[in-house]
Amino acid sequence: MSTPFLSLDAGAHGLSEPLDTDVRRLDAALGDVLRQQEGQELIALARELLGEGGDAADIFATHPELKDPERLRAVCRAFTVMFQLLNVAEQKEIVRVNRSRRGAQRNESIDEAIATLKSKGRSAEEVRVLLSRILIVPTLTAHPTEARRRAVLDKLLQVALAITEESDAPNLRFPLDTKWRIEGRVHRALTELWQTDEMRSSSLTVREEVRNAMYFFERTILEVVPWLYEDLERALGKHYPNAEWSVPALIAYRSWVGGDRDGNPNVTADETWNTLLEHRDLALRHHLRSLAVLRRELTQSVKLVSVSGRT
């Protein structure tokens, strides 16, 4: 019988049952890893600290073992990993709630914005002009608040993917076998995470900064932005069904990373040129992967269907 790390009870604080289930599951998984890697004493110490109040200065008096830098580091890391896992569970819950509202018009959504324009009497041509004047330019900075290593982000992503698959396990043909396999994935990812340095031991080079920034293009931006355009096209077609739409480019990402001369004296002209090449290669690899998928999907024969005139 596994012992959770902190025995968290999200349901007692009014949180949803699915979120409570995920929190308990991750709490238990982390407890197993910590017990194997550090021993039960670390879990007991963390629980004592969680249940105590008062002045932080008194902690060292009541728990002299924390004067050992390695013990203190382990306790702090344990809480840090737990907070990261809570963030993973929360993000999954946000996705679940949004999916549960699918089909309904959501507040602050693209669909609601287009519906509001239509209700105010804006014509399709007026909306078209409005869209042509919009340009959203998110900019990645060379001094990100996200200081975690890519390796850490990858481990947390693996945990997120695993618990998402676990939620779907009851709908699969062999849910029990799937559950065991997923629990193993979570345990492996958390073990690897615990054995991975949270922070880097040396300063980043410009090239490393660039690749770290490109992580977000690879993992999210290049996937999510097309969804936004699809949402906009769907909303326009829904509220202005008699109009022809060609959605203009509304989002253009920029980056200071590899080009900011003020923030990093190591950013030379050569580094900036290499940064441009890195971005070009990333875009090409992404499009080549998409084309490979498209090639496998487009199996239609001209002997069976005619070629559409629409591009």
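The model is a predicted one, in which local features need pLDDT of at least 70 and side-chain atom pairs count only at pLDDT 80 or more, while totals for chains, interfaces and linings use all residues. Residues are numbered from 1 along each chain as its sequence is written, and side-chain values use heavy atoms, with hydrogens and water left out. Helices are DSSP runs of H or I with at least four residues, strands are runs of E with at least two, and both are numbered from the N terminus.

**Salt bridges**

- The structure contains 16 salt bridges, each defined as a side-chain nitrogen of Lys or Arg within 4 Å of a carboxyl oxygen of Asp or Glu.
- Arg-24 and Asp-9 are joined by a salt bridge with an N to O distance of 2.8 Å. Arg-24 belongs to helix α1 (residues 17-37) and Asp-9 to the segment before α1, so this pair ties together parts 15 residues apart in sequence.
- Arg-24 is partly exposed at 40% relative accessible area, and Asp-9 is partly exposed at 34%; buried means under 20%, exposed over 50%, and partly exposed in between (1.4 Å probe, protein chains only).
- In the salt bridge between Arg-35 and Asp-32, the closest N and O atoms are 3.0 Å apart. Arg-35 is partly exposed, with a relative accessible area of 25%.
- Arg-128 pairs with Glu-125 in a salt bridge whose closest N and O atoms are 2.9 Å apart. These two residues are three apart in helix α6 (residues 124-132), so about one helical turn separates them.
- Arg-128 is partly exposed at 30% relative accessible area, as is Glu-125 at 48%.

**Aromatic pairs**

- There are four aromatic pairs. Rings of Phe, Tyr and Trp (its six-membered ring) pair if their centres lie within 6.5 Å; planes under 30 degrees apart count as stacked, over 60 as edge-to-face and the rest as tilted.
- One of the pairs is Phe-217 with Tyr-253, edge-to-face at 5.7 Å centre to centre and 75° between the planes. It links distant parts of the chain, with Phe-217 in helix α9 and Tyr-253 in the loop between α9 and β2 (254-255), 36 residues apart.
- Phe-217 is buried at 11% relative accessibility, whereas Tyr-253 is partly exposed at 30%.
- Tyr-240 and Trp-245 also form an edge-to-face pair, 5.9 Å centre to centre with 65° between the planes. Tyr-240 is buried, with a relative accessible area of 6%.

- Asp-111, Ile-114 and Ala-115 are the buried residues of helix α5 (residues 110-119). Viewed down the axis of α5, they fall within an arc of 100°, so they line one face of the helix; the arc is that of the directions from the helix axis to the C-beta atoms.
- The cover over these buried residues includes α9 (206-239).
- Gly-121, which follows α5, has a positive phi near 85°.
- Asn-107 is located in the loop between α4 (69-100) and α5 and is exposed, at 58% relative accessibility.
- Leaving aside residues up to four places away in sequence, Asn-107 touches Arg-101 and Glu-112, where contact means heavy atoms within 4.5 Å.
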